[in-house]
Structures are given as structure tokens and as C-alpha cells.
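Here's a quick tour of the contacts in this model, chain against chain and then domain against domain. Have a look at the structure first.

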2 protein chains.
Amino acid sequence: MAPPKQERAVQTREQILRAAAEVFDEYGYAGAGINKILQRAGVTAGALYFHFKNKQDLAVEVMNAQRTTIEPHVPSIGLQRLVDITLIWSHSLQADPMLRAGVRLTGEQATFGLSDATPYTVWAGSFEQCLEVARERGELREHVLPGELAEFLVGACTGMQEYAQVVSAREDLPRRTVAMWRVLLPGIATAEAAGRLVADQQRAAELWAAADASGRDGARTGNGT
Amino acid sequence: MAPPKQERAVQTREQILRAAAEVFDEYGYAGAGINKILQRAGVTAGALYFHFKNKQDLAVEVMNAQRTTIEPHVPSIGLQRLVDITLIWSHSLQADPMLRAGVRLTGEQATFGLSDATPYTVWAGSFEQCLEVARERGELREHVLPGELAEFLVGACTGMQEYAQVVSAREDLPRRTVAMWRVLLPGIATAEAAGRLVADQQRAAELWAAADASGRDGARTGNGT
């Protein structure tokens with residue numbers, strides 16, 4: 001049985017967004033022509049403009065999809081959840097065009113006349129939630145302010161991946177992410193929590209393998225095959 | 001007496017670089033035409049191409065001048081020196097076109113086909129020196145690795161200013177920089193050092209006022225007036 005009309009529309013929208021992400025990731029905003037995106041998505045211009053106003057609208061959607069590429073795959077809570085989000089992210093940024101394009105566009109948005117804080121504030125909100133739970137669970141040292149630490153972490157991760165991009169095409173991002181937690185945890189976690197938390201490269205690789213497998217399953221289901 | 005020929009050449013080179021920085025800062029790489037730079041510098045194309053190969057060469061020079069805009073103005077040593085560099089930087093990024101253009105170009109370099117790690121590694125080397133001195137002075141907690149912490153800090157500052165740029169045109173960068181040290185210091189400094197260090201907005205404003213005044217004096221001397 002063919003999927004109902006509404007479901008097909010959702011699939012088409014997803015297909016266009018994914019194609020746009022791939023093209024933005026490869027060519028940047030300026031180099032991503034609408035024709036390239038149409039060709040990659042295998043849809044008509046009519047279909048694209050039914051779902052998106054223009055190229056900038058597509059870019060904003062891709063920028064703001066970052067969180068959804070990671071959070072469904074995080075198994076933990078509290079401070080470990082925050083650590084795990086960054087560990088998965090450190091691998092995902094090498095492999096997932098949607099996340100990679102979102103990050104690239106966020107950094108380059110001034111070059112196409114945009115200044116959208118949402119990609120930053122959405123991550124900061126998500127990190128703050130983890131830290132609020134961590135506080136309730138007694139995992140944070142007393143002086144830590146969840147909102148302030150969350151904002152700092154979003155900035156730190158943003159710059160860390162740019163540095164990693166330039167020196168290693170992000171291959172060393174998992175190592176850098178683990179190093180970040182080695183720097184930060186003694187100052188923010190209670191001794192008890194710090195003793196329990198796992199923030200090493202092995203956990204990063206294992207979490208990523210699980211997220212990647214479930215993401216591929218999801219994509220297969222999403223494509224209706 | 002007119003300055004000797006070599007001195008004039010140095011002044012012209014400096015004048016072109018400063019004009020280029022202003023134009024890159026305002027228009028980004030793509031929007032910065034050579035003619036705009038010539039007009040701003042008040043020099044001929046011949047003079048520009050005597051000193052610089054092309055626009056990309058100019059951009060690389062501006063990217064790599066960041067450190068020289070700050071370090072001559074830092075009065076302290078060890079961990080306080082590292083803190084002070086970031087405090088002055090948090091103000092200077094709002095006011096100094098040379099630093100602002102350097103940072104903008106570093107972030108946007110992929111859009112003009114460049115992937116130069118020097119702006120990151122030069123800062124990391126400078127930060128690591130401060131941390132090595134801090135270690136000798138007994139200011140660092142034992143688990144801290146100067147090289148690893150220096151790299152993390154460069155990434156963290158890079159992303160922090162991008163976040164600040166989008167939400168406040170960097171007006172809140174001094175506050176964010178002070179917050180960064182509130183997050184970091186308990187984990188990296190010995191209790192004795194942490195008690196001595198000053199990392200607040202008042203110190204940031206005072207250091208910047210002194211650096212700004214001496215920078216303006218330097219610019220006047222440099223222009224031979």
C-alpha cells in the first residue's frame with residue numbers, strides 16, 4: 001500500500017533537507033545552487049518551493065536540526081548525559097552531513113547576511129537541562145551555575161571543532177572532547193560524581209557505533225523501505 | 001627630516017595591512033575588493049603588489065597578526081598573564097579592526113579555499129608558555145597538562161566570541177570571559193593561586209583602557225606624526 005499523502009509530504013521534505021545538507025556541507029552556502037540541491041534530492045523545483053521559501057530558509061532549517069541528530073541516541077542522564085552528547089557529537093561531526101552542514105552554516109552565516117542565535121541557544125538550553133538534573137542528583141560542585149556553564153560549553157565545543165577541522169579534518173575531535181572533560185570535570189563535578197563518570201574515547205566510540213546503527217535503521221524506516 | 005626609504009616602506013606596508021583589516025572586517029573576504037583596500041589605504045596598486053602577492057596573501061597576514069595586537073600590552077606573568085590576555089582580548093575584539101578581521105577571516109577561511117592552522121597554533125603556543133611558567137611557579141594543579149589545556153582554551157575562546165558575536169555583537173564578551181575563568185580556575189589552579197588571581201570585569205576594563213591608550217600612542221608614532 002502506498003503511504004498516505006501527508007506521510008509522503010513529510011518524506012519529501014526530509015529528502016530535500018538531507019540533500020540540501022549534503023550540498024551545503026560540500027560547497028558551503030555560496031556554492032550550493034538550488035539546482036544542485038534539486039538534482040541531489042531527485043525532486044522538482046515545485047516540490048522544493050512547496051516546502052521551503054528559498055535557499056536561506058533551507059539553510060536555517062539545516063542549522064536548527066543539529067540537536068535532533070544526536071539527542072535521541074543518548075542513553076544517560078545528568079552530567080553523564082551532557083558528557084555523552086559531546087562524545088557522540090565528536091564522532092557524528094565526522095560522519096553526519098546534516099550535523100556537519102548545520103555547524104558549517106552556523107559558523108559562516110555572516111557571509112550570507114544572517115545572524116541567527118538559535119543554534120547556540122538551543123544547545124545551551126539542552127545542556128542546561130542536563131546540568132539542572134545533575135544538580136538535583138548532587139553531581140555538581142556548589143559554585144557551578146548551570147546556565148553559565150551551559151553557555152560556556154556551547155562556545156567551547158563550537159570553537160574546539162573549528163580548531164579540529166583545520167588541523168585534522170576533525171579526526172582528532174574525540175580526543176579533544178575527552179581532553180575538555182579532563183580539564184573541566186575536576187572543577188565542576190563533586191568527587192563522588194567525578195569518580196563515577198566515564199568520559200573516554202572508548203565510550204565515545206561505543207556510543208557512536210550504537211547511534212550510527214540506530215540512525216541508519218531510522219533512515220531506512222523513514223525512507224519507507 | 002623625511003624618514004629613510006626603508007622606514008617609509010615599513011610604514012606603507014603597515015598602512016596597507018591596517019586598511020585591509022578594516023575592509024575585511026566590514027565586508028568579509030568575498031566583499032573586500034582590492035580597490036576598496038587601495039582607496040582606504042590611500043596607496044597605488046603598485047605599492048600594494050610590492051608588499052603583498054594578492055588578496056589571499058593580505059588575508060593570511062591579517063589572520064596571523066592577532067597575537068601582536070594584544071601581547072605587548074600584558075603586564076603580568078604565569079596564570080595571571082593567561083587570564084589577562086583573554087581579558088584584554090575580550091575588549092579588543094570589539095574595538096580593534098586588525099584583531100576583529102583576523103578572527104573573522106580565521107573563521108571564514110574555508111569560504112575562500114584556505115585551511116591555515118597558524119592562527120590557532122600560534123595562540124596555543126603563547127598560552128602554553130604562560131602555563132609552563134605557571135607550573136614552575138606552582139600555580140597549577142598537578143593533573144593539568146599545559147599543552148592540552150592551552151589547545152582547549154584557544155578553541156573555547158574561538159567559539160565563545162562567535163556565540164557573543166551572534167547574541168550581542170560581542171558586547172557581552174568580557175562577561176563571558178570572566179565566566180569562563182569562574183568555570184575553569186577551580187579545576188586548574190591551586191587554592192593558593194586561585195586566591196591570588198584576579199579575573200573580573202573591572203580588571204578587564206582597566207587593562208583594556210591601558211592597552212588602548214598605549215596602542216593609540218604606538219599608532220601615532222608609527223604614522224610618524
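## How the two chains meet

About 3000 Å² is buried between chain B and chain A, with carbon and sulfur atoms giving 63% of that area. Three residues stand out on the chain B side: B:Phe152, B:Tyr163 and B:Val183 supply 23% of what chain B buries against chain A, more than any other three residues. Bear in mind that this is a predicted model. In terms of contacts, 37 residues of chain B touch 37 residues of chain A.

There's a charged side to this interface too: six salt bridges are counted between chain B and chain A. One of these pairs is B:Arg182 with A:Glu148, whose side chains meet at 2.6 Å, N to O. Polar contacts between chain B and chain A come to three residue pairs, with both partners at pLDDT 80 or more.

## What chain B brings to the interface

Which helices of chain B each supply at least two residues of the side that touches chain A? They are H6 (97-108), H7 (118-136), H8 (146-168) and H9 (173-188). The largest share comes from H8(B), with 14 residues.

Sorted by residue type, the side of chain B that touches chain A has 18 nonpolar, nine polar and 10 charged residues.

## Inside chain A: two domains

Chain A splits into domain 1 (4-61) and domain 2 (67-220). Taken over C-alpha atoms, the centres of the two domains of chain A are 27 Å apart. Domain 1 of chain A puts 13 residues in contact with 11 residues of domain 2 of chain A, and the area buried between these domains is about 1100 Å², 65% of it from carbon and sulfur atoms.

The count of salt bridges between the two domains of chain A is one. A salt bridge also links A:Asp25 to A:Arg100, with their closest N and O atoms 2.4 Å apart. Two residue pairs are in polar contact between domain 1 and domain 2 of chain A, both partners at pLDDT 80 or more. On the domain 1 side, helices H1 (5-31) and H4 (55-63) of chain A each supply at least two of the touching residues, and H1(A) has the largest share with 10. That side of domain 1 of chain A divides into seven nonpolar, two polar and four charged residues.

## The annotated stretch

The unreviewed UniProt entry marks residues 33-52 of chain A as "DNA-binding region". In the model, that span of chain A is 75% helix and 0% strand, and its end C-alpha atoms lie 14 Å apart.

Definitions and conventions: Residues numbered from 1 in each chain as written. Chains lettered and ligands numbered in written order. Predicted model: local features only at pLDDT ≥ 70, side-chain atom pairs only at ≥ 80, totals over all residues. Heavy atoms only, no water. Contact = heavy atoms within 4.5 Å. Buried area = accessible area lost by both parts, 1.4 Å probe. Salt bridge = Lys/Arg side-chain N within 4 Å of Asp/Glu carboxyl O. Polar contact = N/O pair within 3.5 Å; in protein donor to acceptor, adjacent residues only side chain to side chain. Helix = DSSP H or I, 4+ residues; strand = E, 2+ residues; numbered from the N terminus. Nonpolar A, V, L, I, M, F, W, Y, C, P; charged D, E, K, R; others polar. UniProt positions renumbered as here; feature names shortened; annotations may be inferred. Domains from an automatic or database assignment.
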